[in-house]
Amino acid sequence: MEDEVDRLVAAWRRERPDLDVEPLEVLSRVSRLARHLDRARRLAFAEHQLEPWEFDVLTALRRAGTPYQLSPGQLLTQTLVTSGTMTNRIDRLAKKGLVERLPDPSDRRGVLVRLTDTGRDRADQALAGLLEQERAILAELSRAQRAELAGLLRQLTAPFDNIPG
């Protein structure tokens, strides 16, 4: 079975035989798969009236477990955005009734962001939709192949995920 990357690599090998284009065989596929995954995710989230960034914040709170609350700083760490961006996101989610701000009992100046029942339901439904989309993307692989691929991708991503700072 041939794909677009096979055609791209063949063209580069013909045009630039002096270069080793082997990395393209893996990383161009990862890049193309990421674009397909992004489309599938956007579709799954849109079906539940969520933007990808909304899903990220809501699911960070959902994963925290009951009472589904985190500080804005903890949300920053999990979603990798600036504090100004996070403040704006919390404002927008609160306006939609998906989260609420509460005073932090351990810090008089601090606040906690808590998932509302509506936010929890929306996050749960969107996650189920996302998993359905992702299962379809992986349908061609056996369970063993999925496990092997997950391990190989972990090996590539772990150094990036474990950089201090």
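Three strands form an open sheet in the order β1-β3-β2, with antiparallel pairing. Because β1 (69-70) and β2 (99-104) are at the edges and have a single partner strand each, one side of each is left without a neighbour in the sheet. Strands here are DSSP runs of E with at least two residues, helices are runs of H or I with at least four, and both are numbered from the N terminus; two strands pair if DSSP finds at least two bridges between them. Six bridges link β2 to β3 (residues 107-115) in the antiparallel sense, and Asp 104 stands opposite Asp 107 in β3.

The model is predicted: local features need pLDDT of at least 70, side-chain atom pairs count only at pLDDT 80 or more, and totals for chains, interfaces and linings use all residues. Residues are numbered from 1 along each chain as its sequence is written, and side-chain values use heavy atoms, with hydrogens and water left out.

Helix α3 (residues 52-63) contains Glu 54. Glu 54 is buried, at a relative accessible area of 2%; buried means under 20% (1.4 Å probe, protein chains only). The side chains of Glu 54 and Lys 96 are joined by a polar contact of 2.6 Å, that is, a pair of N or O atoms within 3.5 Å, where within protein one must be able to donate a hydrogen and the other to accept it, and residues adjacent in sequence count only if both atoms are side-chain atoms. Beyond four places in sequence, Glu 54 is in contact (heavy atoms within 4.5 Å) with Gln 49, Leu 93 and Lys 96.

Ser 28, in helix α2 (residues 22-46), is also buried, with a relative accessible area of 16%.

Terms used:
Buried < 20%, exposed > 50% of the residue type's maximum accessible area, 1.4 Å probe, protein only.
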